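Q: Can you walk me through this one? I'd like to start with the interface.

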Amino acid sequence: MMHLSNPKLIAYCKTSMIKASVAYIALLSLPPVAMAEEDSPSWFEEHVTLHGFGSIGASYHTEEGLGYRRNLEQKDSVEAHKLDFASDSILGGQVDVRFNDNLSSSLQMVSRNNAYGNWKPAVVSAFIKYSPTPSLSVRVGQMTQDSNFGSASRYASYAYTYIRPSPEIYGVFSSYDRYQGVDFDYRLQLASGIGRLYLAHGDIVGNRYLQGASPDGRSDRVKDAKVTAAMLSWQKDSLEVRAFVEKLDFKNVHTFDPLAQGLATLPFPQAQAVVAQIDEAHTIDVPIYGLAAEYELDAWKFQGILSKYKNNGFPKTEGKIIKGMVAYRHGNFTPYVMMAYGKTKQQDDALVLPPIPALKPLQAAYNQAANALAVDQSTFSVGLRYEINDHAAFKFQVDKTRADKSPTIISTDPTRQDKDMTLMSATIDFLF
Amino acid sequence: MRLLLSFIHLFMCFDYFSTRAKSNPTLACLCLLLICLSGKVSIAQEIGIIAHPNNSVNEISQEDAVNIFMGRYRQFADGKLAKPIDNAAIKSKFYLSLVNKSNAEIKAYWARLIFAGHTLPPENVQDSDAVIDRVLNDPQAISYVDMRKADAKVKVLFVLRDK
């Protein structure tokens, strides 16, 4: 039980009071509310909208030595034989202010189990949007880039048929798709549908917990990294197709310097080659390309995503991701099946040191670094969504995962080679 | 099938009355009861998409209506901003006719757009009288009403039949 004199509690209260005061002053600075006549809405009612979303989730599996995570943004995982309520539970709120037809702003905050193992509310987006014409808008501030289906609003699970975005797609990249910068959205009527061009650029603001980054894992904030993205989409009736390209640029990467220092002392050419590779990888770029489509035909819904990427740092890897989903709506029930597959392939030969006991720690350190973000994982999911009412949905999902390598699945058993598991999850997703 | 049975019963009643010298209220009631029991004779509800009379656009397609009300492309043919307004009284019927989506599906659709920060759903207004009032006060507003309540003062751009 936290005592009232606890310094952390006092600091939190002070911070909360400061934030509350700033919010109150901001509200005071809004244009004065007109004297309320009986049917006349106030300025606040006309220009400010509040939305909220949340999920209460429970997950369970029986694989000893493994912990399931949605993505790298979470530190805590679903452990074996324990009903976990943290992984899929989220609460979020958003305030939108429309100043006039051209200018608006938005602030979204979310509380969820995060990369530091706590539930501290975090700003997901905070931006000003200017629309000089009905078909063009520019946003400046903090946003989540929108190249792929579901990425920009992935915390609002009610919006989606499934319980959570596939870790094969969003497990790693969710730490890198929020940015502070600018984006640009232009739409036009094209070939009897609507064409859309989306461009985004900014400094990445993401957090992650990497099990392989150190013996006890490490929570850190992504620094010195930028994202540049472009997406073209075309939408007609119930069909939408997208083509996207992204580039992540990382500078001042010194994560693997300790490994390089250790390997530099070895007289093996292969070890020296790895040292040279790490020295070059202080600046890394990761290009990503993809196609995605969604289509609804009567009660059927189909979604497909195909993406490829390269990591030009250490180790050099190429990766590919495939995802497909089919759902069928029948009254308030929507059963669905989903398949996701992700695999990376190291471009260079893996370092294999002589099996001398003194070299074992270095070999283990190399293996851990080389596999920190390696993926060889596929999941087949079957689920059911039930509309409780217009604001809430119940979902049940079973995920059968086969994984030889997975940066999101935590392994605490060094003797275990695979990360295969069957996860059962249930959520109530809601809007308010 | 229900419509066919209703038709048959209606025809039988008409035939009966036309061959009798005087109407029989009891039989008339029984006939009507048969019609009701055999199934409802559905009368299609027409929903009119309306705009300000001074709007330079005289008609829109269903596709244009989908683009405007689903937040994809909020622009009239003349390039001006289209401001969609939902009529809470017939909102469910409207979206079922327009895009064949239930209330829950529309909510999920908008949740995706709202929380991605792209666009907000149409303003929600209580009923047809309030909708007409809003449309008449804003040349860029576009909304919908039951055609039986459509006011001659507004311009009807498109008529949807409910499903």
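**Interface and sheet**

A: Chain B and chain A bury about 2,900 Å² between them, with carbon and sulfur atoms giving 49% of that area (accessible area, 1.4 Å probe, lost on putting the two parts together, summed over both). Arg72(B), Arg112(B) and Phe115(B) supply 28% of what chain B buries against chain A, more than any other three residues. This is a predicted model: local features need pLDDT of at least 70, side-chain atom pairs need pLDDT 80 or more, and totals for chains, interfaces and linings use all residues. Residues are numbered from 1 along each chain as written, chains are lettered from A in the order written, and side-chain values use heavy atoms, without hydrogens and water.

Q: How many residues does each chain bring to the contact?
A: Chain B brings 28 and chain A brings 41, with contact meaning heavy atoms within 4.5 Å.

Q: How many salt bridges between chain B and chain A?
A: Five, counting a side-chain nitrogen of Lys or Arg within 4 Å of a carboxyl oxygen of Asp or Glu. One of them joins Arg329(A) and Glu105(B), at 2.6 Å, N to O.

Q: Which helix gives the largest share of chain B's side?
A: α5(B), with eight residues; helices are DSSP runs of H or I, at least four residues, and strands are E runs of at least two, numbered from the N terminus.

Q: Switching topic: what is the strand order in the open sheet of chain A?
A: β3-β2-β20, with antiparallel pairing, where pairing takes at least two DSSP bridges. β3 (78–79) and β20 (410–411) of chain A are the edge strands.

Q: And which residue is the bridge partner of Gly67(A)?
A: Ile410(A), in β20(A).
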